[in-house]
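Welcome, and please have your viewer ready.

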Amino acid sequence: ALGYASWVKRSTQDAPDNRLLPKSIPYLKEGLMAFLIFGTLLFTRQLASTWLVNLGTLSQSRIELSRYNPDAFDKPTLDVIRRQNDLSAVQEYYRAALRLDGDNVTALQRLSSIALSQGEYERALTWMQSAWEAGNRDEITRLLYGDTLVAAGDIQTAAEVLRGLSWAEGRLLFQGWYRYWSQGDEH
């Protein structure tokens, strides 16, 4: 729409008298404004949802990155950081985003990641099932859904979800060590 508006502006500048332009050109501005207003109203909920996810992500990053050292990723691990810090405000941003757009995949993924780290495996699975049922099949969704299925003990479905991802096996082995064995979580 913005490109079309730019073309109209250039067209009117190139032709000082409107004899070279179709008679409908003066109505393009009104049509474009109506389109933009309608589009804004239609997508306001999704835009607000995206904004809330961004606020949650910034807040989560401030909390986690203030303690996490990638050079010593296991001292402490992200799971430990997420267990030791209050992430309720972060989670509320994501829940608010979902109230506006129930299919916001980033909010679902982030809530699931936090729930996995905090040992809330059923809750994590619920978030990722929502993302999966909404039709998300991107690599991140597949990996997190696989993680939640493994945590729930559904290894067969996890294998089906992860099939074709070349590094999924290594990731699951790492998750087994990182999340369960080293943390003493034998659920």
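Is the crossing of α6 and α7 left-handed or right-handed? Keep that in mind while we set the ground rules. What you see is a predicted model, in which local features need pLDDT of at least 70 and side-chain atom pairs count only at pLDDT 80 or more, while totals for chains, interfaces and linings use all residues. Residues are numbered from 1 along each chain as its sequence is written, and side-chain values use heavy atoms, with hydrogens and water left out.

**The whole chain**

Start with a cartoon view. The chain has nine helices and zero strands; these are DSSP runs numbered from the N terminus (helices H or I, at least four residues; strands E, at least two). Of the 187 residues, 36% are buried, where buried means under 20% relative accessible area, exposed over 50% and partly exposed in between (1.4 Å probe, protein chains only). Contacts here mean heavy atoms within 4.5 Å. Among contacts between residues at least 6 apart in sequence, 56% join residues at least 24 apart.

**Stop one: α6 and α7**

Select residues 121–133 for α6 and 139–151 for α7: the two helices pack at an angle of about 145°, with their axes 9 Å apart. Axes are lines fitted to C-alpha atoms, for helices over the stretch in contact, and angles run from 0 to 180 degrees between N-to-C directions. As for the opening question, the crossing of α6 and α7 is left-handed: the near helix is turned anticlockwise from the far one by less than a right angle, whereas clockwise would be right-handed.

Now show side chains. Among those making the contact are Leu 125, Met 128 and Trp 132 of α6, and Leu 144, Tyr 145 and Leu 149 of α7. By class, this contact has ten nonpolar, three polar and one charged residues. Nonpolar covers Ala, Val, Leu, Ile, Met, Phe, Trp, Tyr, Cys and Pro; charged covers Asp, Glu, Lys and Arg; the others, Gly among them, are polar.

**Stop two: the rings**

Zoom in on Trp 132 and Tyr 145, which form a tilted aromatic pair, 5.0 Å centre to centre with 35° between the planes. Rings of Phe, Tyr and Trp (its six-membered ring) pair if their centres lie within 6.5 Å; planes under 30 degrees apart are stacked, over 60 edge-to-face and the rest tilted. Trp 132 and Tyr 145 are 13 residues apart, and both are buried.

**Stop three: α5 and α7**

Keep α7 and bring in α5. These helices pack at an angle of about 35°, with axes 11 Å apart, and their crossing is left-handed. The contact includes Gln 109 and Leu 116 of α5, with Ile 140 and Leu 144 of α7. Its residues divide into five nonpolar, five polar and one charged.

Pick Ile 140, which is partly exposed at a relative accessible area of 45%. Its C-alpha atom is separated by 8.0 Å from that of Gln 109, 31 residues apart along the chain.

Select Ser 117, in helix α5 (residues 105–117). Why does Ser 117 count as buried? Because its relative accessibility is 0%. Leaving aside neighbours within four places in sequence, Ser 117 is in contact with Asp 79, Arg 82, Arg 83 and Arg 179.

Finish at Ser 59 in helix α2 (residues 25–65). Ser 59 is buried, with a relative accessible area of 17%. Beyond neighbours within four places in sequence, Ser 59 is in contact with Val 90 and Tyr 93.
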